Amino acid sequence: MKKIFTVSLVTSLALVQACGKKKSDSSDSSATDGSELGDGSQGFAVTGTLQLDALLTAGSKVTHVVALNTENGRKLAFPVDEETGEFRLMIPTSAEDDFTVYINADGTTVDRERLLKQHPDVATEIADLSDEQLIAKIKESAEEDGTSSATPEPSPWTLAYVDATKTGADMMVSRFASETLDTIAPTRGNVGVSMGDVTPVVGGKASTTAAHADILEAISMSADTATTFGAIDDVSLRYINPDIDGDGVLDSPVMAADGSVTGTEVRYVLDFHNRFTINDANGGQVFHTSLKNKFADDVLGGLANVNVAYTGTGIIPELEKSTFSAAPSTYKWKFESALTMPASVCSELPSGGTLAAGSWCTHSYTVNPNYDRYQLGQEVALPPVGKYVLDAGEKVFTWTDVKVSDFSAGMGFVILLVKYNTDDKGTADTSDDVMSSISYKYLKKTATGWTAATEAELKLLIKGTGGHLSLKFDNDALNCGLEIPKTPTGTVDLKTANISSNTTSNAMTTLINELKAGTVTFSRFSSGAASYDDKLGMRFFF
């Protein structure tokens, strides 16, 4: 029975059957007009009317609107009426494996018609189950997957207006933006938004008659949160090319107005792993030894003295092995802009140096059997802006409009600071002080400096259940880690923390037991690193 909860990527997106409402004859409904948008139970509706005449004058057209989620790569295309320019798309607002959306409001019956329309492969499995039995199975699966009690969080989606008759990046015509916000991040219960008249700008942002305030109201986002997130969400635009593999076919399935789906979804994940150190005003790094019972700002005499120094980025594409006929033995990158390369990266630049714009950086590649995907990474001193091209295994992948910068310099950047609390044994010699808990705080950059990030911002920004803290002991011989919740501040008690490790040696098991027992001295602690993944595909190490 568990099989019915293994959701196919295409059908999991089909959160609409009622996309099948007839289009309105009018495009000037309010941004919160529920009569046209639905009730939110089947996704977040986005409607509008493209001004096609303006596009035709520019020698362009739009055939589809493509929605793509930067957190998990989910995507779906919706056709545009070629005569009226009207479109209606539905953004999924539940997890891919969340079947609880099919349980009706009465709690005792299941919307089987919608379930079977969106997941026809489960028809045989559920045919002989009563609603009571099916609900029990759904809830059992939700408990196992951790989705039963989880409140759906906002997740960012980009919207692109595309011409599917073209190939590769030429498909891209225009995109959604509302002031600095480049994404829409609704949650379950948000009904939808009417964009009104949409006027695409070829190669740029489309304008809408929907007011920015109405769009924020529709997704339940405050203006302050929109300002914070809008300052960093332009990194999501790296996925705006609807045909990354350049085969002339949309990378996303297409959903018709009746809810039927054609085509195949393929995901070309491009993540960035960004590294930072916490320094003083003179560039001296604040190490873990100074963070015993102190945050970095305590050590440095205040937040104004905290210098977050950027040290480099790993560009990490994760490509499905099924994309290739065979594992590539080499791969190469080129960029639209020149950039600085570290030593021993490119075969063309074995000592490092400047890689000219449009020049290739070639690597040999050995498959890591521990990974389900190929990770054809590229290390850079600072990611360039513009177009990224990866040539691997006789395939070429193109990400356009990539915008990644030194986040420590910009508004909206969030850092994670920790301090290592100890219990004083009461002796003059502090070497016997034992580690007891970890305190943490998330801070965001504003125009006036660092301030506490809000819970709403953290729910919008941070992926999963929170950040991570890696702890190394005994001269880095033993390595374990624990989760940092995504609340603005807090303390994790080591006695009750979920401490885990990739190794299962007796020494590692003993260390974890000792941490929980409160008997590990701080002097054994050799290094620590805090990190978090955001919903835009960025990982930050501090």
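Reader: Which residue stands opposite Thr49 in β7?

Author: Asp197 stands opposite Thr49 in β7. The model is predicted, so local features need pLDDT of at least 70 and side-chain atom pairs count only at 80 or more, while totals for chains, interfaces and linings use all residues. Residues are numbered from 1 along each chain as its sequence is written, and side-chain values use heavy atoms, without hydrogens and water.

Reader: How many helices and strands are in the chain?

Author: Helices and strands are DSSP runs, numbered from the N terminus (helices: H or I, at least four residues; strands: E, at least two). The chain has eleven helices and 29 strands.

Reader: In what order do β1, β4, β7 and β9 lie in their sheet?

Author: First, pairing: two strands pair if DSSP finds at least two bridges between them. Here the order is β4-β1-β7-β9, in an open sheet with mixed pairing. β4 (86–91) and β9 (207–208) are the edges: each has a single partner strand, so one side of each has no neighbour in the sheet.

Reader: Which way do the strands run beside β1, parallel or antiparallel?

Author: Take each neighbour in turn. β1 (residues 44–50) and β4 run antiparallel, joined by six bridges. Thr47 has Arg88 of β4 as its bridge partner. β1 and β7 run parallel, with five bridges between them. The pair Thr49 and Asp197 belongs here.

Reader: How many bridges link β7 and β9?

Author: Two bridges, in the antiparallel sense. Val198 has Thr208 of β9 as its bridge partner.

Reader: How many residues of β7 are buried?

Author: Buried means under 20% relative accessible area, exposed over 50%, and partly exposed in between (1.4 Å probe, protein chains only). In β7 (residues 192–199), six of the eight residues are buried. Across the chain of 542 residues, 50% count as buried.

Reader: What is the strand order in the sheet that holds β20?

Author: The order is β17-β14-β20-β21, an open sheet with antiparallel pairing. Neighbouring strands are turned by 15 degrees against each other on average, direction ignored. For that angle, axes are lines fitted to C-alpha atoms (for helices, over the stretch in contact), and angles run from 0 to 180 degrees between N-to-C directions. Look at β20 (residues 386–392): six bridges join β20 to β21. Tyr388 has Trp399 as its bridge partner in β21.

Reader: What joins β23 to β24?

Author: A hairpin, through two residues. The strands β23 and β24 (residues 449–452) run antiparallel, with four bridges. Thr446 has Gly449 of β24 as its bridge partner.

Reader: Which residues of α8 are buried?

Author: In α8 (residues 223–230), they are Thr225, Ala226, Thr228, Phe229 and Gly230. Their cover includes α7 (212–218), β23 (434–446) and α10 (455–461).

Reader: What share of contacts joins residues 24 or more positions apart?

Author: Contact means heavy atoms within 4.5 Å. Among contacts in the chain with a separation of 6 or more, residues 24 or more positions apart account for 71%.
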